[in-house]
Each structure stands twice: as structure tokens, then as C-alpha cells.
Amino acid sequence: MTRGQKVISFIEVHCWVPEGKLLGQKMKLEPFQKRFIKRVYDNKKGTRLAILSMARKNGKTALIAAICLAHVLGPEARLNSQLVSGARSRDQASMVFNLMVKMINLNPELQARSRIVPSGKRIYGLRLNVEYQALAAEATTKHGLSPLLVVFDELGQVRGPKDAFVEALETAQGAYDDAMQIVISTQAPTDADLLSLWIDDAIRSEDPHTVLELHAADEDADLTDKKEWKKSNPALGSFRSKIEMTNMADKASRMPSFETSFRNLYLNQRVNMTSPFVSPLTWKAGNGAPAPLKVKGLLASPIYGGLDLSATTDLTALVLTCRQGGILGVHAHFWMPVEMVKDAANRDKAPYDMWVEQGFIKTTPGKVIDYDFVARDIGRITSGLDIALIGFDRWRMDRMKNALERQGVELPLKEFGQGFKEMSPALDALEADLLNEVILHGGNPVLAMCAANAVSVPDPAGNRKLDKGKATGRIDGMVALAMAEGVENVSSDNSVSADEWLAGLAA
């Protein structure tokens, strides 16, 4: 028998169903579970990372528990080895441990070969002195471990590209040449989250040491398409209820507010649960490179912009837009204090340090934003361009205006309010351009992060604005882009007020 066949045999012979209507019966693995196990354990190149991603209620936790038992009491047990399962909370970590305990207690043979320590969420395999421990990200004990195997339960709950808990467990495996990580999880909401980065890297790199099984509906899947249900729910019709799936799909069809949750949890799509202003699919449609900005006199179209200033240690954004041939080209620029990049990356869970190295973020000297540095950069960026108007939020703008004067930079600036009155028509225009796929932003990753984080909130009249308080992270770039769209439509050149423009849209 191969390693994979031995693991499957151990699970189906020794692991009994721990709860539910099949309680006490021997586990029978689904074909997709067997395929995953064989790919992981029979990989001739050796598996370092294995990812199984699917919608909820497809037996993820039970499969984790069974695989862990195969390493503690079964064919994968190794003398004096250690393995851990990691989860985001104590309750979630306890679920894997509790299922393992139930499986052991149902089988006298496994009982005789193990010792359970409930207080520490530990299980010991007595024959080879194997130690298993369930860990939670919120717990303090993450160091001093040396696990041969780490199983991450619901890694998709990690927000951002970095996580101290994951890094601690990864670095703890340094004593082994054949250490392995297994991830079984529903997808993360955005492309910038840790699990999404791992999945995308596995697809892009085709690393032979990585095994990826991704069960997800197509991005534009219809909510009621049963074929798409099966793509994301490989256990549908067995231990994944079709009736419950149908009921939830009907609910999502009736209630748009539930659609994002359904797409993430039931269709395993990357959908932000906070209902972002723009969907990932719509934003990606503009990943093409925008046309270069032309200098004056060379058939140049007018250029508009938005300038969103940061607090002293955060992200400052300038977005310039130019409409040529019906396509709106978007050029985004970002600044951050050099000595605060690492702190901000840890705080926001965003790879600012990597984006600095790649040139997507410029750094100003010191720990606070240097407005004179930014002003010089803005002067260089806009030099020779036909800048029609740049909208700005008046917050901290007095300091930027002084810096622009000191650096000899003259720009046509217009105060742009952040409330419903001015922001709502700007968002309407931006949304129309996005939905009509006439925006090209080049896939700038910093701007993409801002787009993924941006959340719009309505007032009783249905007007909208971007709310930084509701956002899941920095949205400065999207605020600047919205202001650029706004000043283009209500610029002094055409003398159209916001109220007149709204009336025109309604007509």
C-alpha cells in the first residue's frame, strides 16, 4: 500500500463517525477526500504545503481530525514527533480536539493506544510518544514548538497577507526537512488575504511540493445554478444538505444583503462580507495598462485628480485620471513615512514593505509624512501635464498648500467635501465607469487594496459616501479616485453644479 492508501485505510477502519445520524459507524471518505489524501501523501516530489478549499459544511473539521489521528496513532506516526492544529479562536481549536477525542473514545483500540489531556488540548500516542496539541491564535503559547505537521483550520479567516500566529508555527518547523502544512478552509474574502496569496501562488508557480484542491463556483456564477453548487460543495448530496443549500440560495436571491455571505460561505468565492463599494470581479476588469499621460500641446486631454492626505504616519494618495477615446486611465501615487512602513504593515496587515521595494509606494524621510517631500514629488509628476483640476479634502490641506508654495508648485485645486452631497455623484460616476468597464488602472496593488477595503454607506435619501470607519483597511486611493471623478464632472470649466449634474443623471 502507498502512504496515501494507508492513511485512507486507517481512517475508514479505525475512525468512527463522532456525531450526527451516522454516529458510531465507520467513516467512509468521499472521493474528493480520498483524492486529496492520495495527492498529499503519494506526491513523489514530497508535499510541503497542501490546501483543500471548499464551502462550509463539507466535512472540513472531521477530515482534519481524522488526518491528525493518522499522525498520532496511525501509519503516519513518527517516534517522538509533534503535530499541531491551529485555528483563529479557542472555540474553533477545541472543535478539532473534541472530534479527535470522540473518535478515540468510540474505538477501544484507539483508547488503549492514547492518552488525552483535556486541560491542555493535548493527545499523546503512547506507542511512539507522539504529541498532538490544538492551538488558537489568541493563545499565548506559540513558541517552543517543533511540529512535523501543522494543520490550519479555516485559514481563510486571516485578514491581510501576514499573520504572527501562522509565522510562528511556520518557523517552528525548521528542524525537519520533510515538515508539512495542511490547510483546509473556505476561501478568504479578498485577493490580499493570506490564504488567497497562497492559493494564487500555488496556481501561478505550479510548485511540485504544493498540492491544491480548490472547489469554488465561477466568479460570475448564478446563485441558483446547481452545477456551481456542486463545484464548491463536493459533498453535496451526501453529508452536505441539498435542502439547506436550496433554502440559502433562495434567501440570497431574495435578499441582496445576504448574497455576499452566500457567495463566500456556500459558493466558496472571494467575496468581501462587508459588501465593498466595488466587487473584485468588476475591479479586475480594469487591470489593463492605462494610456500614458500626455504633456500639453500633444493632443492632450484634460487631466483631473484627487489628493487624499493621511494622518502623520499613514498613506497619502494622489490619483490622476484622463479620459481618452472613451477610456478613463487611472494613475495612482502613494507616499508613507519610511520609518513607519513596518509598523503600518503589521497594523494594517498589508505588505507595504514589499510595495515600497516594488516602487508602488514612495517613502518620505522620518516617522511622519514629509509634506515638502510629497509636494516636490507632486510637482515632478504633474510637470508639463494639462492638469484641469485636482480635488482635495480640506483636512490637513493647509499644511500641504504651504508645502506646495514653498516648493514652487502651482496646481488648480478645488476643495471637495467628503459628505453625501459631493461624494454621492462622484461615486455614481465612478461606479458607472467601473460597471461599463471603461476604466484602466493597471492593477496597481495598493489601489487594489483600497478598492477591496472601500465600503459605501447611504443616507435616508439613498445618497452614498465612502466611510473610513466601516472600511476593513486603508481606502485613501479610492477616496482620491472618487474625488478625481467628481471634479471632472463638476469642474469650473463646464460650470455644472453637483445638483445640476445629479438632475442630469436622473434624466
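Tutor: Helices H1 and H3 are roughly perpendicular to each other, because their axes cross at roughly 110° and the class covers 65 to 115 degrees (under 35 is roughly parallel, over 145 roughly antiparallel, the rest oblique). H1 spans residues 3-14, H3 spans residues 60-72, and their axes come within 10 Å. On the H1 side the contact is made by Val 7, Phe 10 and Ile 11, and on the H3 side by Ala 66, Ile 67, Leu 69 and Ala 70, where contact means heavy atoms within 4.5 Å. The axes are lines fitted to C-alpha atoms, for helices over the stretch in contact, with angles running from 0 to 180 degrees between N-to-C directions. Helices (H or I, at least four residues) and strands (E, at least two) are DSSP runs, numbered from the N terminus.

Before going further, a word on what you are looking at: this is a predicted model, in which local features need pLDDT of at least 70 and side-chain atom pairs count only at pLDDT 80 or more, while totals for chains, interfaces and linings use all residues. Residues are numbered from 1 along each chain as its sequence is written, and side-chain values use heavy atoms, with hydrogens and water left out.

In H1 we find His 14, which is buried because its relative accessible area is 17% (buried is under 20%, exposed over 50%, partly exposed in between, with a 1.4 Å probe and protein chains only). Leaving aside neighbours within four places in sequence, His 14 is in contact with Asn 107, Glu 109 and Leu 110. In H3 there is Thr 61, also buried, with a relative accessible area of 17%. Not counting residues up to four places away in sequence, Thr 61 touches Met 95, Val 96, Leu 99 and Asp 153.

Asp 153, one of the residues touched by Thr 61, leads us to Glu 154, in the loop between strand S6 (149-153) and helix H6 (164-171). Glu 154 is buried, at 14% relative accessible area, and its phi is near 55°, a positive value in a residue other than glycine. Most residues other than glycine have a negative phi. Lys 121 also has a positive phi, near 50°; its loop lies between strand S3 (114-117) and strand S4 (122-125). Lys 121 is partly exposed, with 25% relative accessible area.

At 12% relative accessibility, Pro 234 counts as buried. Its contacts, leaving aside neighbours within four places in sequence, are Phe 32, Met 54, Asn 58 and His 215. Pro 234 and His 215 are 19 residues apart along the chain, with their C-alpha atoms separated by 7.2 Å.

Thr 260, in helix H10 (residues 256-265), is buried at 16% relative accessible area. Thr 260 and Lys 296 are 36 residues apart in sequence and 45 Å apart in space, C-alpha to C-alpha. His 333 sits in strand S11 (residues 327-337) and counts as buried at 17% relative accessibility. Leaving aside neighbours within four places in sequence, His 333 is in contact with Thr 316, Ala 317, Leu 318, Lys 362 and Ile 381.

Finally, the whole chain. The protein chain has 19 helices and 17 strands, and its C-alpha atoms fill a box of roughly 85 × 50 × 40 Å along the principal axes. Of its 507 residues, 53% are buried. Among contacts with a separation of 6 or more, 71% come from residues 24 or more positions apart. The chain exposes about 22,400 Å², with carbon and sulfur atoms supplying 51% of it; accessible areas come from the Shrake-Rupley method with a 1.4 Å probe, and for residues only the protein chains shown count as cover. There are 61 positive and 61 negative side chains, and the centres of the two sets lie 8 Å apart. Here Lys and Arg count as positive and Asp and Glu as negative, while His and the chain ends are not counted; each charge is placed at NZ of Lys, CZ of Arg, CG of Asp or CD of Glu.
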